[in-house]
Amino acid sequence: MTASNGRTVRDLRRENRAAVLRRLYLDGPMSRYSLAPATGLSSGSISNVVAELLAEGLVEEAGSVDSDGGRPRTLLRITPHSGHLIGVDVGETRVRVELFDLALAERAHADRPLPTRGAGHRDRYDSELIAGHIRDGVAEVLEAAGLSPDCLLGVGIGVPGIVEHSEEGGAVVHCQPIGWEAVPLERMLRRPDHLPREVPYFIENGAKTLGQAEMWFGAGRGARNAVVVLFGSGVGACVVTDEVQHGRAVEWGHLTVRVRGRRCRCGALGCLEAYAGAEALLERWQEAGGRPPSDTDEETALTAMLAAAYPADGGDPDPVAAAVLAETAEYLGAGLSDLINLFQPERILVGGWAGLQLGPRFLDSVRRHALSYALPYPSGRVGIDLGALGPDAVTVGAAILPLADFFARGGRRLPAGPSPEPSPAWRATLGTRLA
């Protein structure tokens with residue numbers, strides 16, 4: 001049977017199930033009585049949907065609350081162990097793989113270190129090496145949790161660069177700074193001995209998955225317009241507006257901040273990333289006469305730079321390290337002012353390992369420079385703060401991608417078949433918390 005708007009009865013049932021699952025996930029536990037106004041469904045529809053979800057084990061009872069003079073109302077919540085998700089962060093120093101239950105509680109994790117600063121970026125990001133780390137990490141976390149691959153609802157992966165989604169080859173990644181030119185990452189991961197065909201992959205830009213996590217669970221919750229900045233070896237950003245509720249990754253790090261300036265690792269001159277990324281920051285410290293530790297990873301080297309600029313023992317600071325950090329704060333502030341002028345966000349949140357490491361020391365300076373360079377009207381309405389979810393926010397955001405698809409399907413798993421296709425509605429589901 002088809003409704004007047006073209007939707008079938010099956011479509012309506014799926015949408016009703018999706019609405020209940022989303023609301024329980026984001027605002028639960030909730031009673032049947034509270035679900036009706038929250039979802040816009042009738043009490044009869046709520047009863048039918050909840051009965052189905054309870055019977056399937058997707059929803060469980062979670063205590064009760066008193067009602068106004070009547071019997072206590074039973075609370076409902078998503079059953080955590082009814083499904084599992086994997087989030088992957090292809091970072092600058094490691095590939096991190098985390099296994100979550102349906103409540104996004106971590107069940108296991110695996111870290112696959114990448115070569116240290118002594119290796120070139122292109123060697124560090126060899127695509128076959130990265131794909132192997134992801135496959136091995138997925139197998140490791142499943143084994144650690146004692147789970148079969150059949151339990152997975154999907155694998156979400158945050159990567160650097162621009163992600164192109166094609167029907168033939170799945171997700172293809174373009175990231176010139178690390179030497180990835182049309183890398184067919186999804187096809188590389190699809191091996192018969194790896195995961196069942198019905199387990200989908202969701203591959204997106206890492207700044208976008210970071211933004212998704214902060215908007216659903218972190219410092220962006222409740223904001224309609226925000227920019228979430230990923231500050232690591234390079235820099236990127238995710239823009240969330242009324243028009244783009246599920247977030248859009250922007251190559252903010254390759255905005256030109258100085259004509260004929262330093263050469264960026266993308267090959268262009270004067271990019272923000274050539275001045276404000278952690279890799280460039282350490283290079284500038286060395287060029288100015290500083291002595292960053294050699295043969296170590298960037299996180300350790302940046303820790304050494306901070307210790308030199310701000311000695312914990314109260315000794316004399318390294319003037320070179322302090323000057324480079326101060327200049328970097330101004331470049332970042334100028335870069336943020338462009339985001340303020342272009343998108344007029346309510347909030348700008350700074351995340352990524354380098355942003356979280358540097359933030360407590362120089363966020364005030366970055367904020368001051370950003371507001372001085374931006375136009376008065378939008379700068380007077382924006383808050384600039386650190387993200388709330390810590391260094392693993394990218395993996396949490398990556399795991400949200402298959403979770404959103406699962407909800408968009410009304411809690412139905414993908415059918416077995418040669419080419420699993422995500423639900424067309426999954427991106428709309430991502431925007432649920434952002435509205």
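Modeller: Helix H11, residues 319–343, holds 25 residues and spans 36 Å from its first C-alpha to its last, close to the 36 Å expected at 1.5 Å a residue (1.5 Å times one less than the number of residues; helices of at least four residues, H or I, and strands of at least two, E, are DSSP runs numbered from the N terminus). The model is predicted, so local features need pLDDT of at least 70 and side-chain atom pairs pLDDT 80 or more, while totals for chains, interfaces and linings use all residues. Residues are numbered from 1 along each chain as its sequence is written, and side-chain values use heavy atoms, without hydrogens or water.

At the start of H11, a side-chain oxygen of Asp318 comes within 2.9 Å of the backbone nitrogen of Val320, and just after H11, Gln344 adopts a positive phi of about 45 degrees.

Turning to the sheet, five strands make an open, mixed arrangement in the order E14-E13-E12-E15-E16, where pairing requires at least two DSSP bridges between two strands. Its edge strands, E14 (248–250) and E16 (383–386), each pair on one side only, and neighbouring strands are turned by 20 degrees against each other on average, direction ignored. Strand E15, residues 347–351, pairs with E16 in the parallel sense over four bridges, with Leu349 opposite Asp385 of E16. Helix H12, residues 353–373, packs on this sheet and touches E12 (226–231), E15 and E16 (contact means heavy atoms within 4.5 Å). The direction of H12 makes about 165 degrees with that of E16, using lines fitted to C-alpha atoms, for helices over the stretch in contact, and angles from 0 to 180 degrees between N-to-C directions.

Conventions
Polar contact = N/O pair within 3.5 Å; in protein donor to acceptor, adjacent residues only side chain to side chain.
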